[in-house]
Amino acid sequence: MRHLRGTQDFSLPILINLILITSFKHVECLDICVSKDGPSDGFYEVSSGTIHVDEGSSLFLQCVSEHHYSSNNSLVWTVSTKAWESSLWMNPSEMGLIEVSNYSEDVFTSTLYINSTGAKDVGSYR
């Protein structure tokens with residue numbers, strides 16, 4: 001097993017849109033925004049589909065679904081990384097989801113977070 005030391009720069013391909021399934025009849029794509037600042041700060045859109053992250057830094061991917069409840073929608077993340085396949089997503093100290101429902105505004109926000117990025121997190125996020 002190879003261990004990385006120091007600062008490493010990782011390229012994480014991110015599909016710009018997230019799939020939103022609406023009543024199994026209609027599929028919409030939603031934008032995914034990225035932040036390295038925190039779960040509620042500094043989100044921006046990635047037009048190239050790839051971001052560069054320093055090893056050991058945090059990463060937050062966020063999708064906001066408007067008209068979520070009135071349209072009876074479901075939001076689905078598809079993640080293809082070694083960390084996800086190794087079930088690290090089940091360990092909230094490694095990675096996980098922060099999901100916020102706002103029923104009065106009909107908005108659902110899902111934020112996928114990685115606390116300490118590394119080679120295991122290189123892959124695709126849709």
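I start with Lys 120, which is partly exposed at a relative accessible area of 28%; partly exposed here lies between buried, under 20% relative accessible area, and exposed, over 50%, with a 1.4 Å probe and protein chains only. Before going on, the conditions: this is a predicted model, where local features need pLDDT of at least 70, side-chain atom pairs count only at pLDDT 80 or more, and totals for chains, interfaces and linings use all residues. Residues are numbered from 1 along each chain as its sequence is written, and side-chain values use heavy atoms, with hydrogens and water left out.

Which residue does Lys 120 meet in a salt bridge? The partner is Asp 121, at 3.2 Å from N to O. Asp 121 is buried, at 1% relative accessibility. The criterion is a side-chain nitrogen of Lys or Arg within 4 Å of a carboxyl oxygen of Asp or Glu, and by that rule the count is one salt bridge.

Next, strand 7, residues 59–66. Strands are DSSP runs of E with at least two residues, numbered from the N terminus. Six of the eight residues of strand 7 are buried, so the rest of the structure largely encloses this strand. Two strands count as paired if DSSP finds at least two bridges between them. Strand 7 pairs antiparallel with strand 4, residues 33–35, over three bridges, and antiparallel with strand 11, residues 107–114, over eight bridges. Gln 62 in strand 7 takes part in both pairings: Cys 33 stands opposite Gln 62, and in strand 11 the bridge partner of Gln 62 is Thr 111.

Ser 110 also belongs to strand 11. Ser 110 is buried, with a relative accessible area of 0%. Its side chain makes a polar contact with the side chain of Glu 99 at 3.3 Å; that means a pair of N or O atoms within 3.5 Å, where within protein one must be able to donate a hydrogen and the other to accept it, and residues adjacent in sequence count only if both atoms are side-chain atoms. Beyond four places in sequence, the contacts of Ser 110 (heavy atoms within 4.5 Å) include Leu 61, Gln 62, Cys 63 and Trp 77.

Last, the cysteines. Cys 63 is buried, at 0% relative accessibility.

Note on methods. Helix = DSSP H or I, 4+ residues; strand = E, 2+ residues; numbered from the N terminus.
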